[in-house]
Structure formats: C-alpha cells, structure tokens
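Thanks, everyone. I have one structure to walk through today. Please bring it up on your screens.

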Amino acid sequence: MNYMDIKTSDINNGEGLRVSLWVSGCDHNCSQCQNPQTWDIDGGIPFDEDAKRELFEALDKSYI
C-alpha cells in the first residue's frame, strides 16, 4: 500500500483534533474530487514500518 500523507494534527476533516492517513489508489475518479493526485495506485510513499510507527505514535496521544 502507498500513502500520500499522514496528518498528525488534522482539524479540517471532522470534529476535534484527529490523525488522518491519506492513501493512494482511489478508482472512483469523482468529477469534483479535491485530491485527484490520490488516484494513482503507484503514487505516493510506500507504507513501511516507519510510516506505521509514525501513525500509531500519533494515534496514541490522549487528545486524539
């Protein structure tokens, strides 16, 4: 799996402070998509152990 970004302090995608993982490979191709750069399944960064660690460390915060 590839991902585009990990947002560790996201306030734009729902209520409160959250962690967001933006993955690549969406095949819906919505005409008004705000993130068409995520359509390419080969785009982004490989989701490796470092990314997993970053994601789970961010999710472990008490305020998330």
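Start with one pair of residues. Asp10 has Arg18, in β2, as its bridge partner. Before I go on, the ground rules. This is a predicted model, where local features need pLDDT of at least 70, side-chain atom pairs count only at pLDDT 80 or more, and totals for chains, interfaces and linings use all residues. Residues are numbered from 1 along each chain as its sequence is written, and side-chain values use heavy atoms, with hydrogens and water left out.

Now the strands around that pair. β1 covers residues 2-10 and pairs with β2 in the antiparallel sense, over 5 bridges. Pairing here requires that DSSP finds at least two bridges between two strands. The sheet is open, has 3 strands, and runs in the order β2-β1-β3, with antiparallel pairing. Its edge strands are β2 (18-23) and β3 (45-46), each pairing on one side only.

Next, the whole chain. It holds 1 helix and 3 strands. Both are DSSP runs, numbered from the N terminus: helices are H or I with at least four residues, strands are E with at least two. From the N terminus on, the order is β-β-β-α. The C-alpha atoms fill a box of roughly 35 × 30 × 10 Å, taken along the principal axes.

Where does helix α1 lie? Helix α1, residues 49-59, lies across β1 and β2, at about 25 degrees to β1. Axes are lines fitted to C-alpha atoms, for helices over the stretch in contact (heavy atoms within 4.5 Å). Angles run from 0 to 180 degrees between N-to-C directions.

Of the 64 residues, 19% count as buried. Buried means under 20% relative accessible area, exposed over 50%, partly exposed in between, with a 1.4 Å probe and protein chains only. The accessible surface is about 4900 Å², by Shrake-Rupley with a 1.4 Å probe. Carbon and sulfur atoms account for 48% of that surface.

Two loop residues to look at. Leu17 sits in the loop between β1 and β2. Why does Leu17 count as partly exposed? Because its relative accessibility is 32%. Asn29 is in the loop between β2 and β3. Its phi is near 50 degrees, a positive value in a residue other than glycine. Asn29 is partly exposed too, because its relative accessible area is 43%.

That's the tour. Over to you.
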